[in-house]
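Student: I'm new to this one. Can we go through a few labels and see where they come from?

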Amino acid sequence: MKKTSIIFLLSIYVLPSACKEEEISPKEIILGKWEEIYLGNGEERPLLVPSGYRQFLSDSVLIEYDYATKKSFVKKYWIDSLLHIGTQRQDGFWLIFDYKYQFYDDNLRLETNNFSTIFNVSISKKIKSPL
């Protein structure tokens, strides 16, 4: 009986930790619509009214939508150790902005990496699309 109890306890605590969960790629996690809920420098001050959303599509297209003007802007993105967002100027030159990213609890935290801004941290929450 003791051996059975020990084997049972081991199977509960040891075996699940031995089985690794498959990690989901950031390239998959980022897909969908994200509404900005915070903009600042680290202090906890949420945005009361989101100004729009970013929609990351699987073909590296990023659509930014502004609620007030009801306008969309199309950009390109790619993700590796950083999130890179590019927009092409009228003269053909690409402006690239790099962000350190972190995913947690359906949130996306972005911190500017290669440029200075007034607010260098933003947090967005993944939103569901209406069916």
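Predicted model: local features only at pLDDT ≥ 70, side-chain atom pairs only at ≥ 80, totals over all residues.

Student: What makes the contact of Arg89 and Asp91 a salt bridge?

Tutor: The N to O distance is 2.7 Å, and the rule asks for a Lys or Arg side-chain nitrogen within 4 Å of an Asp or Glu carboxyl oxygen, so the pair counts.

Student: Why is Asp91 called exposed?

Tutor: Its relative accessibility is 56%, and exposed means over 50%, so Asp91 gets that label. Arg89, at 39%, counts as partly exposed.

Student: How do you know that Glu64 is buried or exposed?

Tutor: Glu64 has 15% relative accessibility. Buried means under 20%, so Glu64 is buried. The side chain of Glu64 also meets that of Arg54 in a salt bridge, at 2.9 Å from N to O. Arg54 lies in strand β2 and Glu64 in strand β3, so the pair ties together parts that are 10 residues apart in sequence.

Student: And rings? Why is the pair of Trp34 and Phe103 called tilted?

Tutor: Their centres are 6.1 Å apart, with 45° between the planes. Pairing needs centres within 6.5 Å; under 30 degrees would be stacked and over 60 edge-to-face, so this one is tilted.

Student: What does that pair tie together?

Tutor: Trp34 is in strand β1 and Phe103 in strand β6, so parts 69 residues apart in sequence are tied together. Ring pairs also link Trp34, Tyr101 and Phe103 into a cluster.

Note on methods:
Residues numbered from 1 in each chain as written. Heavy atoms only, no water. Phe/Tyr/Trp six-rings, centres within 6.5 Å; stacked < 30°, edge-to-face > 60°. Helix = DSSP H or I, 4+ residues; strand = E, 2+ residues; numbered from the N terminus. Buried < 20%, exposed > 50% of the residue type's maximum accessible area, 1.4 Å probe, protein only.
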